[in-house]
Amino acid sequence: MRRFKQVAMSVVTGFAALLFCAPSASASTGSGPGPNPGEEVFQLVAKQTQGGFVDVDGSGGPSLGDEYVVSGNLLRGSSVVGTYSEICTLTRFDPVDQFDLQCAADLSLPQGQLTVQGRFNVTTAGPGNIDLAITGGTGRYRTAHGYIHAVNVSDTETHFTVHLTL
């Protein structure tokens, strides 16, 4: 069970890191036009500051509906450019430590919020590729769409590439 929670929290942190940040929110690091017209591609780092596991049935093991809740800071280079929060729900599990997480997250930035959502599979080897949809936003980001690709670097840090179209 401990391995399950550790893998899940690492994955959730990675997804959280996915969250987004507008290119104009801070000094640019590795940003530029994307391959599609109107697409901006940029790099972000998510650093978890809080996280927890909610065991809905109290069994101590994985069960449908268990939740992972995380929050933290978003950085571009060494500058904090926003915060994120996310909730991931276990929607399918296999007794051999393979499971699916359905995640919803938001990123709070000075010019508005972005939302991200998606489902991905996790095995004992880790989550593999995590690509999630940008589903919308508020303020400057009210017409946002695109996707985010995340790579977990550690239990509390994730690097991601944001493909944002406004």
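## Confidence along the chain

Residues 13-30 keep a pLDDT under 50 (pLDDT is the predictor's confidence in each residue, from 0 to 100). For this stretch the model has 90 contacts beyond four places in sequence, a contact being heavy atoms within 4.5 Å. Where pLDDT is low, predicted coordinates should not be read in detail. The protein chain averages 80, and 78% of the residues score at least 70.

This is a predicted model, where local features need pLDDT of at least 70 and side-chain atom pairs count only at pLDDT 80 or more, while totals for chains, interfaces and linings use all residues. Residues are numbered from 1 along each chain as its sequence is written, and side-chain values use heavy atoms, leaving out hydrogens and water.

## Salt bridges

The whole structure has 3 salt bridges (a side-chain nitrogen of Lys or Arg within 4 Å of a carboxyl oxygen of Asp or Glu). K47 meets E157 at 3.1 Å, N to O. This pair links strand β2 to strand β9 (residues 157-165), 110 residues apart; strands are DSSP runs of E, at least two residues, numbered from the N terminus.

R92, D100 and R119 form a network. D100 lies 3.0 Å from R92 and 2.6 Å from R119, by closest N and O atoms. D100 is buried at 5% relative accessible area, whereas R119 is exposed at 53% (buried is under 20%, exposed over 50%, partly exposed in between, with a 1.4 Å probe and protein chains only).

## One aromatic pair

There is 1 aromatic pair. The ring centres of F53 and Y68 are 5.0 Å apart with planes at 40°, so the pair is tilted (centres within 6.5 Å; under 30 degrees is stacked, over 60 edge-to-face, the rest tilted).

Technical notes:
Rings of Phe, Tyr and Trp (its six-membered ring) pair if their centres lie within 6.5 Å; planes under 30 degrees apart count as stacked, over 60 as edge-to-face and the rest as tilted. Helices (H or I, at least four residues) and strands (E, at least two) are DSSP runs, numbered from the N terminus.
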